Amino acid sequence: MSKFVAFGEIMLRLSPPGRELLLQTPKLDVWIAGAEANVASGLARLGHDVGMVTVVPDNDLGRAAISGMRANGVDCSGISFSGNRMGLYFVTSGAGMRATDVVYDRAGSSFAEAPASAWDWDRLLAGADRLHLSGITPALGPVPAEAAIAAAEAASARGIAVSFDGNYRARLWESWDSDPRSVLTRLVQHADIMFGNHRDVALLLGKDFGGDGEDRRLASSEAAFAAFPKLKLIASTARHVEDADRHRLSARIDGRGEHAQTEEVLLAGIVDRIGAGDAFAVGVLHALRSGGDIAEAARTGLALTALKHSLPGDASLFRQADIDAYLAGGLDVRR
């Protein structure tokens with residue numbers, strides 16, 4: 001079985017317990033986090049051969065992150081030690097009409113300071129059939145932006161497929177003199193699978209897409225396929241927020257000349273929405289790597305992202321049996 005490789009920063013997420021405000025009481029829950037790390041952990045939990053490529057500081061925080069990834073079944077031989085600090089971010093969960101809020105503390109992290117020359121892609125991509133990247137890495141600054149581009153170019157040069165999750169983070173891009181459109185275009189041109197919606201495509205192409213719902217998704221996908229010859233699939237979710245505890249969610253995958261659209265599901269009693277997009281990517285990639293078509297991939301992606309809303313922390317920790325149970329529709333106690 002060929003290996004799936006994810007490249008990006010492993011962080012620690014710190015959150016106040018329950019629905020408290022940040023430091024309302026002097027307690028913080030801690031989880032291993034990071035978009036690419038979440039995808040790596042989720043796929044490994046579903047039985048895929050997965051490797052993580054990143055750098056962490058050689059201290060208790062870095063080693064705890066590696067231990068957590070290994071516990072989920074991720075090959076950590078591509079993780080190296082360098083630098084002095086772990087990237088952090090703080091999440092204050094929303095409640096009722098109060099939205100979830102994020103504070104980043106990632107500047108100067110070990111990963112953010114690792115130059116493109118630090119990565120031995122001959123070794124790190126050996127045996128891989130797919131490299132997964134996200135738009136968060138280049139948003140961290142010019143050094144990680146060049147590292148992400150070098151990673152995509154290295155995969156393309158070796159005939160390795162690239163999947164890319166837009167994950168646009170305005171607060172990160174706005175923290176430096178950035179040009180997101182230019183940088184992200186250089187990454188997407190190497191991808192065959194893109195996770196993103198009409199807003200991501202609008203940013204890449206410098207144009208807006210009118211209309212509503214499925215028509216707008218279709219128009220943006222067709223424009224992206226015309227602009228990026230390597231691109232084969234665009235996977236996205238549509239979310240309607242009623243309040244912090246009730247969202248409506250659907251999934252869609254567009255291909256060249258085909259598409260799959262799910263029904264909308266109601267998510268009530270949400271525990272934690274952070275990482276739900278990564279869970280969607282896990283579900284789509286899992287189904288495709290298991291031989292499923294785009295309709296199955298859309299259903300599986302929606303199932304896993306729905307399940308993730310029930311779980312605190314960033315990563316999807318579910319197994320195939322959990323996906324099967326969700327799709328079967330049984331919500332009674334399993335005894």
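Modeller: In this predicted model, helix α1 makes a right-handed crossing with helix α10.

Biologist: How are two packed helices described in general?

Modeller: By the angle between their axes, together with the distance between the axes. Here α1 covers residues 35-45 and α10 covers residues 276-289; their axes lie 9 Å apart and meet at an angle of about 45°.

Biologist: Which residues in α1 and α10 meet?

Modeller: From α1 come Ala-35, Asn-38, Val-39, Gly-42 and Leu-43. Facing them in α10 are Asp-278, Ala-281, Val-282, Leu-285 and His-286. Sorted by class, the α1 contact with α10 holds six nonpolar, three polar and one charged residues.

Biologist: Turning to the strands, in what order do the four strands of the open sheet stand?

Modeller: The order is β3-β2-β6-β7, and the pairing is mixed.

Biologist: Why is one side of β3 and of β7 left without a neighbour in the sheet?

Modeller: β3 (29-33) and β7 (101-105) are at the edges, and each has a single partner strand, so one side of each has no neighbour in the sheet.

Biologist: By what angle are neighbouring strands of this sheet turned against each other?

Modeller: On average by 25°, with direction ignored.

Biologist: In which sense do β6 and β7 pair?

Modeller: Antiparallel: β6, residues 87-92, is joined to β7 over five bridges. As one example, Leu-88 has Asp-105 of β7 as its bridge partner.

Terms used: Residues are numbered from 1 along each chain as its sequence is written. This is a predicted model: local features need pLDDT of at least 70, side-chain atom pairs count only at pLDDT 80 or more; totals for chains, interfaces and linings use all residues. Side-chain values use heavy atoms; hydrogens and water are left out. Two strands pair if DSSP finds at least two bridges between them. Helices (H or I, at least four residues) and strands (E, at least two) are DSSP runs, numbered from the N terminus. Axes are lines fitted to C-alpha atoms, for helices over the stretch in contact, and angles run from 0 to 180 degrees between N-to-C directions. A crossing is left-handed if the near helix is turned anticlockwise from the far one by less than a right angle, and right-handed if clockwise. Contact means heavy atoms within 4.5 Å. Ala, Val, Leu, Ile, Met, Phe, Trp, Tyr, Cys and Pro count as nonpolar, Asp, Glu, Lys and Arg as charged, and the others, Gly among them, as polar.
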